[in-house]
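Subject: Structure handover and findings

Hello,

Here is the structure for you to open alongside this note. My findings follow below it.

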Amino acid sequence: MVLCSLCSNCSATCCSFKAFGWESYTPRARVAMTRYRLAGVFTNDAAYADRMYDCTMCKECDVNCSAGFSPWELFRSARIDLWSSGNALPALKPVNDNIIESSNVFGFNNDARGSWAEALDDVLVNDGKNLLFAGCIPAFKNGGALKKLARLYHAMDKPLTIIPGGEELCCGLPALDSGNVDLFNELMGKNIQKILEMKPERIVFACPSCYAFVNEYYGKENEDFSRIPLVFYTDDLLEGITAGQLALKGFDEQTRVTYHDPCHLGRFAKLWDSPREIIKQVPNASYVELMNCKEHTACCGSGGQLMIVSPSANNKVADKRIGEVRERNVTMLVNTCFTCQNTLEGAAFRVDSGDLEVVHILDLFED
Amino acid sequence: MDKTRLASLEQELVDVLGSENVTSNPVERFAYGFESSFHFSPPAIVARPRNRDDVVNIVTIAARNEIPLTARGAGTSLSAQSLSLHDGILVDFRQMNKIKAINIGDQQVIIEPGVYYRELNKKLEEAGFFFPPEPGSSDFITIGGMVGNNASGMHAVKYGATKNWVIDLEVVLANGQVMHTGSKSLKSSSGYCLNELFVGSEGTLGLITEVTLKIAPAPKCKETFIAVFPSIEAAGECAVAVLKSGIVPSAMEFCDDLSMGMMKDAMKVDLPPVAYEPGKAALFIEVDGATAAGVDAEGRIIMALLQEMAIEVREARTEQESADLWHARHALLTILSKVREGRYMMSQIMDIGIPTSKIPSVLKEIKELLAQPEYFLSIAIYGHIGDGNVHFASMVNPNLALEVEKGIKVRDKIVDIILAANGTLSAEHGTGWARTLRLADELGYKLEAMKQIKQALDPGNIMNPGAFFEVPVDETGRPSEFVKLDPYMPGGDGA
């Protein structure tokens, strides 16, 4: 925090500021508030909590900081402080309770986490070579897509193994975003233990957020875990296309297509090539790059638990992102993240009356 | 402002702008109390206009209530230009962010003041054009702020400052009248050149609601060189030699040993190690143009000069290498925050300008001054040497009386040297309120003429009072730059 000179380089592209429009929602103001709060001068706890949680934690402020300071780390610490002091926003309690009670964000029976894989015995294996970490949202909400992913991996001769029953737990990101670092550590510890028991050769991720945060934290926690290669599924699928094992559907006529980098994949994990390469190989697709992309991608609005804390701000951020997409005069937006997909699909209907087709990248593949 | 008056004023503004665009919430007042300078001054109210009519309404209400108005873009001023110093209305223009027209055939764009510089140039890039003035803060500033401040940066040596690119402004005057300062013609000799009067007027004459800018074809080729010199004056001599060669570089930047060391540590950029040895200095030079052959030819001449005068010369071999060098240079002001060690930079000497031919002798004189024990002060020296703009980043702790005393002595000596060289106290950061201490010494009767213009256009003095005409004073009434400081900046009272 000492490094921050309040230059405001972080503010212009901040999606929280774009949504709310007032200076107090800029990273610069959040840093200033924190300084004054630590000095005992800024005493409005409610306003402080509000501004700290009205942020998607998308980390673009870090990318833009010339001084090498990480506002994101500061905001993360602030949330931990708010949670531990009982000042976190009440809206965050249910999701944390769900995770505590059921080990997933929805509060569903975690034993049902693998139900999407029923009747997939022909394509799944138990050897653990390619262990799938499905993630709460894909497992409970996008089972159809996971089925397709499993079939594609089978076609590539890299059959997936799933973590059985309810033993895959939430990766912990929603807890960490809330500031509930103890819960995050507990989940991380249990997931590491289970995964190490299964002795995987590599772990395949279906969710960019799980991928980015397991990548960031789990390996630092456990040396044995750090030796396991972590793979995001698009890297494998691109190889499958190149090897002729997978086929893309293609469009009947020339179609302008773009890709939205999820923050956790583009900015955190810096994985941006394979999704683009896949899209570019779709027959009759003309690939168009968005103005804000890769490391400078714009958040869909759902990150940092903003979708829970302030759904209206979530929508505003998403609408602005769709606005950027429309400016590129494209007819299709492709996602690799199921949360971004859902959020931006909704925004497309609000902003674009549904004229823009918002699809998940798995939909581009032949079954 | 008392509560009754505040409530009444806020209601008037809400009636015309809607409650979603007006606030006196203490949290927002706090947040708008900052800019990129070291000063802190919260407004009474913040208003966010959506269009010109909103601005007319705000001005009319302010005039009727005799309340000061301060315009603000991204709030990146280094001179307390974008702070409401007198408990007034801060007008945040960032909602007025439409690019109204890009007319390549007319070589111009028409935009609202809240458009970000970066966004405009991203759009222009698609057509192969650009708006050239590129301040170090180019990634996060608005065009309105650039016009209000007459901003410029590294490329001013070839492309000039913002004023060279403004062909028309729509402004709302203090009486609510809307006026255009120019035309849509690329040149005009009709009447006074009001474009130049309003560019750099820092919101003291009116509020800008629309900007028409000339644009230029973007250069297709660039070459970047970095050279290290045995001394600061040797670097200055080489800069003058480059300018005398007939080649106009697109950027020619200068950094002393301290600045180079800071860049190396902060940016992990590959710089010649000799550059941060004590006493050494470096030049970053860029040439650009439409063809590789033309740029190559200019590059060869520059290279020959550098090889003759420098102790080490490098040419960036790849675009990435070049981008890394310029990125590091861009970040220098922010990087310098790391060496503040509890100290503030003295704004009076932060942004001086001198005729380029006098750079070697002036830098030599100042270096010799700073070497004397009674004037010794940690100062990083860098800047846009191609146009004579040098930044002296001094470090003074306002809580240490001896340090303040020495700082003032150093500052006044440097200002004397600059003014004796027919220089200016603000080449690109603007004057605002923070840089007025010695302004009268520089401007002479021009300051009086400015007052008369101000009086004619803003008789109620509601437009950004404080800028240009008010000298900051401390609680004892003594002129001082250590006033309205943000106490919780690193190194401030509270840190």
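Start with helix α2 of chain A, residues 27-38, in this predicted model. The helix has 12 residues. From first C-alpha to last it reaches 16 Å, close to the 16 Å expected at 1.5 Å a residue.

Is α2(A) mostly covered or mostly open? Mostly covered: 10 of its 12 residues are buried. The buried set runs A:P27, A:R28, A:A29, A:R30, A:V31, A:A32, A:M33, A:T34, A:R35 and A:Y36. These residues pack against three helices of chain A: α3 (45-53), α4 (60-64) and α5 (71-84). They also pack against α2 (26-31) of chain B. After the helix comes A:G40, with a positive phi near 80 degrees.

Now the pairing of α2(A) with α3(A). Two packed helices are described by the angle between their axes and the distance between the axes. For α2(A) and α3(A), the angle is about 145 degrees and the axes are 11 Å apart. The crossing is left-handed. On the α2(A) side, A:R30, A:M33 and A:R37 make the contact. On the α3(A) side, A:Y48, A:R51 and A:M52 do. By class, that gives three nonpolar residues, three charged and no polar.

**Between the chains**

How many residues does each chain bring to the contact? Chain B brings 25 and chain A brings 26. On the chain B side, the elements that give two or more residues are α2 and α12 (332-335). The top contributor on that side is α2(B), with three residues. By class, the chain B side has 12 nonpolar, eight polar and five charged residues.

**Domains of chain A**

**Domains of chain B**

For chain B, the assignment gives domain 1 (3-95), domain 2 (99-217), domain 3 (221-336) and domain 4 (340-457). Take domains 1 and 4 of chain B. Their C-alpha centres are separated by 30 Å. Nine residues of domain 1 are in contact with 10 residues of domain 4. The domain 1 side of this contact has four nonpolar residues, five polar and no charged.

**Helix α11 of chain B**

Helix α11 of chain B covers residues 319-330 and has 12 residues. Its end-to-end C-alpha reach is 16 Å, close to the 16 Å expected at 1.5 Å a residue. Within α11(B), B:L325, B:A328, B:R329 and B:H330 are buried. What covers these buried residues includes three strands of chain B: β12 (221-229), β13 (251-256) and β14 (281-289). The cover also includes α9 (257-267) and α12 of chain B.

Most residues other than glycine have a negative phi. Two residues here are worth a look on that account.

B:Q107 is not a glycine, yet has a positive phi of about 60 degrees. B:Q107 is found in the loop between β5 (99-103) and β6 (108-111) of chain B. Is B:Q107 buried or partly exposed? Buried takes 20 or more other C-beta atoms within 10 Å. B:Q107 has 14, so B:Q107 is partly exposed.

B:N464 also has a positive phi, near 40 degrees, and is a residue other than glycine. B:N464 sits in the segment after α16 (445-457) of chain B. Why does B:N464 count as buried? Because B:N464 has 31 C-beta neighbours inside 10 Å, and the cut-off is 20 or more.

Best wishes

Notes: Residues are numbered from 1 along each chain as its sequence is written. Chains are lettered from A and ligands numbered from 1 in the order in which they are written. This is a predicted model: local features need pLDDT of at least 70, side-chain atom pairs count only at pLDDT 80 or more; totals for chains, interfaces and linings use all residues. Helices (H or I, at least four residues) and strands (E, at least two) are DSSP runs, numbered from the N terminus. The expected span of a helix is 1.5 Å times one less than its number of residues. Two residues are in contact if their C-beta atoms, placed from the backbone, lie within 7 Å. Domain bounds come from an automatic or database domain assignment. Ala, Val, Leu, Ile, Met, Phe, Trp, Tyr, Cys and Pro count as nonpolar, Asp, Glu, Lys and Arg as charged, and the others, Gly among them, as polar. Axes are lines fitted to C-alpha atoms, for helices over the stretch in contact, and angles run from 0 to 180 degrees between N-to-C directions. A crossing is left-handed if the near helix is turned anticlockwise from the far one by less than a right angle, and right-handed if clockwise.
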